[in-house]
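Let's take a walk through a protein model and look at its aromatic rings. Have the structure open and follow along.

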Amino acid sequence: MPETQSQAAQISLMRTYLRTLAFMLFLLVILFNYKHLIQYYSAFSLANAMTRLDPEQLLSEGLILDIGYFLGVVIVLHACWAAVITLSCRPWFKLIRNENIKTQIWLVLLLLHLILALAANSYFYPTSLLGIFRGTPLASAPFIGLLASLLAANFLYGLIGSLYASLGITRVNTLLASMLLLTALLSINSPKSGNSTASQTPNIFIIGIDALRPDHLAYRGGDSKLAPNLNALLAKATVYNKAYTPQGRTYVAWMSILSGQYPTTNGARFNLAPPELVEHKFPLLSELSALGYQTSYAMDERRFNQIDEDYGFDISIGPKIGAADAVIASLADLPLVNLLSNTLGSRYLFPYLFINRAYGKAYDPEVFNHEVLSGLAMDRPNFLAIHFCQLHWPFTSKDFVELEPARWDGNYNHYMYQQMLKKVDRQVADFIQGLARLGLLDNALVYLLSDHGEGFMLSQDRLMAATSADKASQSHGKLKVAAWGHGTNLLAQEQSDVLLARLRYRNGRVVSAPQRVDGLFSLVDLAPSIFKELGLGAKSKAAKFDGEPLPRPWMPKDLERKIYVESSIPVRSVNASFIDEKRVLSETASFYEVRDNGRAVMKPEDYKLSIALKQRAVYYRQWQLTLLPKEDRLILVDTQAKNWQSLADYRGAAPWREMLAALCAHYAKDPGFPGPRQCVDKYLASNLGGAARQAPGSPP
């Protein structure tokens, strides 16, 4: 008779597990469809837009494996959850023989588990589409803690009882329970502590902040309350007042930072560049490795920036790189996925979601900081290039932003940008404090920079036309001198204007004097500056740097220097107040291919053809000369007076001839671009008028 009861109990538990699993799978289908209905663009719409890719691209082995792996993990996790609920039913089923009551107990436990998952998701990730309990007593720490404790106790009791039953043990021993609890406690990943032993050679940290506009910081007259920690840091720094990015795109900017070269030299002209067309072995990393440095690259959003160990770094930290990123992020907003996304095992379960700022609903800046700090060496000097992306579009996070009616001016993107600036300010401050706790600032050189700015069509950003004809051209939309986003329009000065600052640390404190250095500077100046700091100046020539070492305040400045900037691909759907990812993908998908490793890159043939569509500009003194490719038009901007004028109508003394010759020489090797002399003749011919005549004070 006892054997029959045991068999019946086993049958009952198996049946319970199967119907729980079936319910979980049915729930997944419901949740996916619910999100599809309320999302502006869903995974299905993105997949539909991706059909503009060649069919064979969608059949890339890497892409299929990545998406299949994610879906498989989600199903397995929900199967495990079903097992947890089933084991939780076991103690109750042993006490009760009535099948109807057993079913009611199962339903109650199932409901309580679902409530716990939804409540915890709403509490920890309130911006989740499934944060349906946000703002209610259910999404509170006391309720979640109490319910989680009760359900965990119920599960452990059922688990231990099941284990003892399988071993034929009838007396309960608490040893196993103690071991389980101890294992859980030991699995908590505690932060590294202690002091670095590598103090003779300075640690070097390049800290980048995506899309940070200098005019939103106190040193440029911005609101001091937006970024108090950055402002306090910059008050102690050497700040290079007029610095520009070679291109307003993250990958291109970082390639220039690490190589010390303009895009025309290193080959990185667009995001997602084909690796074979880019020079991605950096002399800087080779020399640092020879000096005993651990070289690390960390970034919390890698859809368009594929720098990793293949570029010469010892370690790269960030989410997995691949075309599956956007699709998985659209599918991932599920309670169980969110609750596990910042745990220790998430890097293996969800490599595309772990420390991925692009999945803003669950991104935790503290987890990213911890991951980077844990990867730094304590027994040798560190070179770390780190990039924080919270300030990048779409300006979202796992927590709702503050409501400040006084800041609202009707520009949603700019309002959200300001709120996200507060968040990234706290994140960077926390990271620097972490470096100090580890003793890594006892002897350190820190560069603080942004990769590009951001356009919001603000009134203070607009350039004014200098002539009535140009005013008419601007008012009729024939020439756009302002734009949304970054890398879209070189006349929008706020897109190319970047932060560039230096700090020297000793014993955890800044020892360099605060200074503002005037002149023109570029992100290509970072690598040669580090060479000079480490006494490698003699090797700079072999490194073929385009940049120059950043001058110290007492050093003479090159006031005759010219700085070059270029735009990215002209994508209409990007130059908008609201960026529709589906439209962007539809407009650009045909430019890209997905390779066998699952990564998307530009097709080499489109990569080369797109270079001809770039805007190009040169800065010299207070002037910017910009070449607009569609109409071969030259625009002269006075960056001090904040006005612009068509070169064809210009009568002043700006050194535009010298600037045009320099611009033509810099881009002479671009596909389809004329040689230096032919270039000058061509654009003089297409911009005749007053500019063709010798202007007073202009060099011949």
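Before we start, one term: a residue is called buried when its relative accessible area is under 20%. Also keep in mind that what you're looking at is a predicted model.

Now for the rings. How many aromatic pairs does the structure hold? There are 20 aromatic pairs. Let's pick out one of them, Tyr 262 with Tyr 564: this pair is edge-to-face, with 5.7 Å from centre to centre and 85° between the planes. Find Tyr 262 in the loop between α9 (250-259) and α10 (263-266), then find Tyr 564 in strand β16 (residues 562-566); these parts are 302 residues apart in sequence, so the pair ties them together. Are these two tyrosines buried or exposed? Tyr 262 has a relative accessibility of 4%, so it counts as buried. Tyr 564, at 12%, is buried too.

Next, go to Phe 531 and Phe 545. Their ring centres sit 4.9 Å apart and their planes are at 85°, so this pair is edge-to-face. Phe 531 belongs to helix α19 (residues 526-533), while Phe 545 is in the loop between α20 (540-543) and β16, so here the pair ties together parts that are 14 residues apart in sequence.

Finally, look for charges over rings. Lys 562 lies over the face of Tyr 620, 4.2 Å from the ring centre. Arg 616 lies over the face of Tyr 667, at 5.2 Å from the ring centre.

Methods
Residues are numbered from 1 along each chain as its sequence is written. This is a predicted model: local features need pLDDT of at least 70, side-chain atom pairs count only at pLDDT 80 or more; totals for chains, interfaces and linings use all residues. Side-chain values use heavy atoms; hydrogens and water are left out. Rings of Phe, Tyr and Trp (its six-membered ring) pair if their centres lie within 6.5 Å; planes under 30 degrees apart count as stacked, over 60 as edge-to-face and the rest as tilted. Helices (H or I, at least four residues) and strands (E, at least two) are DSSP runs, numbered from the N terminus. Buried means under 20% relative accessible area, exposed over 50%, partly exposed in between (1.4 Å probe, protein chains only). A charge sits over a ring if NZ of Lys or CZ of Arg is within 6 Å of the ring centre and within 35 degrees of the ring normal.
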